[in-house]
Amino acid sequence: MKIALGQINPTVGDLAGNVDLMVRHARQGAAAGASMIVFPELSVCGYPPRDLVEKPSFLEKTEQQLHRLARETAGLPIDLICGYAGRNRSDTGKTATNCAAYLSGGEVRFVQQKVLLPTYDVFDEGRYFASGDRQHLLPLQGRRVALTVCEDIWNDKQFWDRQLYRRDPVEELMSSGADLLVNISCSPYHMHKRALRREMIAAIARRHKVPVLLVNQ
């Protein structure tokens with residue numbers, strides 16, 4: 001499986017422009033021989049969308065653009081993974097969800113909701129999003145893919161002295177038999193964070209003996 005990393009810089013609120021950008025990169029990835037291209041967290045709507053997700057019309061338009069992205073790449077020999085702000089269809093919790101979607105054949109075929117919502121430092125995701133409850137593996141070209149969103153890989157008890165959350169989404173997915181980990185991120189920059197991120201991802205790969213693929217905005 002040849003995978004392209006679509007490390008783009010979306011514009012918050014420019015739904016149509018962000019989708020146009022991803023369509024162009026999907027074409028480039030397909031031309032380079034990739035069968036999959038992976039885009040960052042919330043790439044359809046831009047990160048961080050903040051109070052925009054409080055508007056039902058914004059969530060509706062975001063999902064419309066997600067489906068347009070699927071349709072406009074349907075003729076390409078490449079599938080897509082991207083992030084978007086969706087509607088919480090549960091009866092409880094916040095109205096918005098932070099999701100990763102798998103697009104193939106002109107359709108949205110799989111959605112994974114972000115589990116861990118950071119509320120420290122520059123993050124305020126717990127204010128806006130409902131946390132994912134269940135996780136499932138994505139079957140993809142003979143592999144079982146653990147599809148995760150940013151913070152979901154930052155709670156490995158073997159790497160961090162203190163865990164911030166009770167759940168470890170990576171541990172849960174790996175115990176279900178995943179053989180590839182994909183993470184879509186919007187992890188902000190600060191000094192030395194790139195090295196830290198690489199060390200953490202390497203620790204996950206060694207511990208679970210699987211390849212780890214990450215794309216960051």
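Modeller: Helix 2 lies across strand 3, strand 4 and strand 5. Helix 2 runs at about 165 degrees to strand 3. This is a predicted model: local features need pLDDT of at least 70, side-chain atom pairs count only at pLDDT 80 or more, and totals for chains, interfaces and linings use all residues. Residues are numbered from 1 along each chain as its sequence is written, and side-chain values use heavy atoms, with hydrogens and water left out.

Some terms come next. Helices (H or I, at least four residues) and strands (E, at least two) are DSSP runs, numbered from the N terminus. Axes are lines fitted to C-alpha atoms, for helices over the stretch in contact, and angles run from 0 to 180 degrees between N-to-C directions. Contact means heavy atoms within 4.5 Å.

Now the sheet under that helix. Five strands form an open sheet, in the order 1-2-3-4-5. The pairing is mixed. Strand 1 (3-5) and strand 5 (107-113) stand at the edges. Each has a single partner strand, so one side of each is left without a neighbour in the sheet. From one strand to the next, the twist averages 30 degrees.

Take the pairs in turn; two strands pair if DSSP finds at least two bridges between them. Strand 1 and strand 2 (residues 36-38) pair in the parallel sense over three bridges. There, Ala-4 stands opposite Ile-37 in strand 2. Strand 2 and strand 3 also pair in the parallel sense, over three bridges. Met-36 stands opposite Asp-79 in strand 3. Strand 3 and strand 4 pair in the antiparallel sense, over eight bridges. Leu-80 stands opposite Leu-103 in strand 4.

Strand 3 is mostly covered: eight of its nine residues are buried. Buried means under 20% relative accessible area, exposed means over 50%, and partly exposed lies in between (1.4 Å probe, protein chains only).

That brings us to the packing. In soluble globular proteins, nonpolar side chains tend to be buried together. A nonpolar core is a set of buried Ala, Val, Leu, Ile, Met, Phe, Trp, Tyr and Cys residues joined through side-chain atoms within 4.5 Å. The largest one here has 22 residues. Among them, Met-22, Leu-69, Cys-82 and Leu-103 touch the most other members. Helix 1 (15-31), helix 2 (56-72), strand 3 (79-87) and strand 4 (96-104) are the elements that give two or more residues to this core. Helix 1 supplies the largest share, six residues.

Look at Met-22. Leaving aside its neighbours within four places in sequence, Met-22 is in contact with Ile-8, Phe-39, Ser-43, Val-44, Leu-69 and Cys-82.

Next, the loop between strand 2 and helix 2. Pro-48 has its place in this loop. A cis peptide bond joins Tyr-47 and Pro-48, with omega at about 0 degrees. Asp-51 is found in this loop as well. Asp-51 counts as partly exposed, at 42% relative accessibility. Apart from neighbours within four places in sequence, Asp-51 is in contact with Arg-127 and Tyr-128. Asp-51 and Tyr-128 are 77 residues apart in sequence, yet 7.5 Å apart in space, C-alpha to C-alpha.

Asp-121 is in the loop between strand 5 and helix 3 (125-128). Asp-121 is not a glycine, but has a positive phi of about 55 degrees. At 68% relative accessibility, Asp-121 counts as exposed. Gln-141 lies in the loop between strand 6 (138-140) and strand 7 (143-149). Gln-141 is not a glycine either, and its phi is positive, at about 50 degrees. Gln-141 is partly exposed, with a relative accessible area of 48%.

Last, the largest pocket. Its volume is about 470 Å³. Of the 17 residues that line the largest pocket, Gln-7, Arg-194, Arg-197, Leu-214 and Asn-216 are the closest to its centre. Helix 5 (193-208) and strand 9 (212-216) each supply at least two residues of the lining. The largest share, six residues, comes from helix 5. On a 1 Å grid over the protein atoms alone, a pocket is an open set of points where a 1.4 Å probe fits, with protein on both sides within 12 Å along at least five of seven lines; lining residues have an atom within 4 Å of a point. Grid points are joined across faces, edges and corners, and a volume is the space filled by probe spheres set on the points.
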